[in-house]
Amino acid sequence: MSIMEILLRKHEYAEQVRQINCTSGYFHRFYELTAETQTHQEAWQRLEEERNELGLDDKYTSYNSFRKAKKMYMDVKFV
């Protein structure tokens, strides 16, 4: 693997982490996943699994806390 390939992989990893680590990126990714899952809870679970695969802690430790945060995010976004 060349140095350019290594740097590109690191850059892609950093982009993924940045996207799902900020609140707006997290919910953007969540809505992308809703197209691939049957329920919002499944999309949330997959997103938390993605975060774990990237070495990030859970952003929301329960579906209920996620739902509350999503409501607050949507209230602010569409005010």
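Predicted model: local features only at pLDDT ≥ 70, side-chain atom pairs only at ≥ 80, totals over all residues.
Local features are given where pLDDT is at least 70 and side-chain atom pairs only at pLDDT 80 or more, while totals for chains, interfaces and linings use all residues. Residues are numbered from 1 along each chain as its sequence is written, and side-chain values use heavy atoms, with hydrogens and water left out.

**Overall build**

Helices here are DSSP runs of H or I with at least four residues, strands are runs of E with at least two, and both are numbered from the N terminus. Along the principal axes, the C-alpha atoms fill a box of roughly 45 × 25 × 25 Å.

Of the 79 residues, 27% count as buried. For that label, a residue needs under 20% relative accessible area; exposed means over 50%, and partly exposed is in between (1.4 Å probe, protein chains only). The accessible surface comes to about 5,800 Å², and 53% of it belongs to carbon and sulfur atoms. Those areas come from the Shrake-Rupley method with a 1.4 Å probe, and for residues only the protein chains shown count as cover.

What about contacts along the chain? Taking contacts with a separation of 6 or more, 41% are between residues 24 or more positions apart. A contact means heavy atoms within 4.5 Å.

**How the helices pack**

Helix α1 (residues 3-21) packs on α2 at an angle of about 95 degrees, with the axes 5 Å apart. That makes α1 roughly perpendicular to α2, a label that covers angles of 65 to 115 degrees; under 35 is roughly parallel, over 145 roughly antiparallel, and the rest oblique. On the α1 side the contact uses Gln19, Ile20 and Asn21, and on the α2 side Thr23, Gly25, Tyr26, His28, Arg29 and Glu32.

Helix α2 (residues 23-34) also packs against α4 (residues 63-77), at about 105 degrees and with the axes 11 Å apart. This pair is therefore roughly perpendicular as well. Here Thr23, Ser24, Tyr26, Phe27, Phe30 and Tyr31 of α2 meet Phe66, Ala69, Lys70, Tyr73 and Met74 of α4. For both pairs, axes are lines fitted to C-alpha atoms, for helices over the stretch in contact, and angles run from 0 to 180 degrees between N-to-C directions.

Ile20 lies in α1 and counts as buried, at 2% relative accessibility. Leaving aside residues up to four places away in sequence, Ile20 touches Gly25, Tyr26, Arg29, Leu47, Glu50, Arg51, Leu54 and Leu56.

Met4 also lies in α1, but Met4 is exposed, with a relative accessible area of 63%. Gln45 belongs to helix α3 (residues 40-53) and is partly exposed, at 38%.

The table pairs each of these with a partner elsewhere in the chain.

| C-alpha pair | Apart along the chain | C-alpha separation |
|---|---|---|
| Ile20 and Phe78 | 58 residues | 21 Å |
| Met4 and Ser24 | 20 residues | 30 Å |
| Gln45 and Gln16 | 29 residues | 17 Å |
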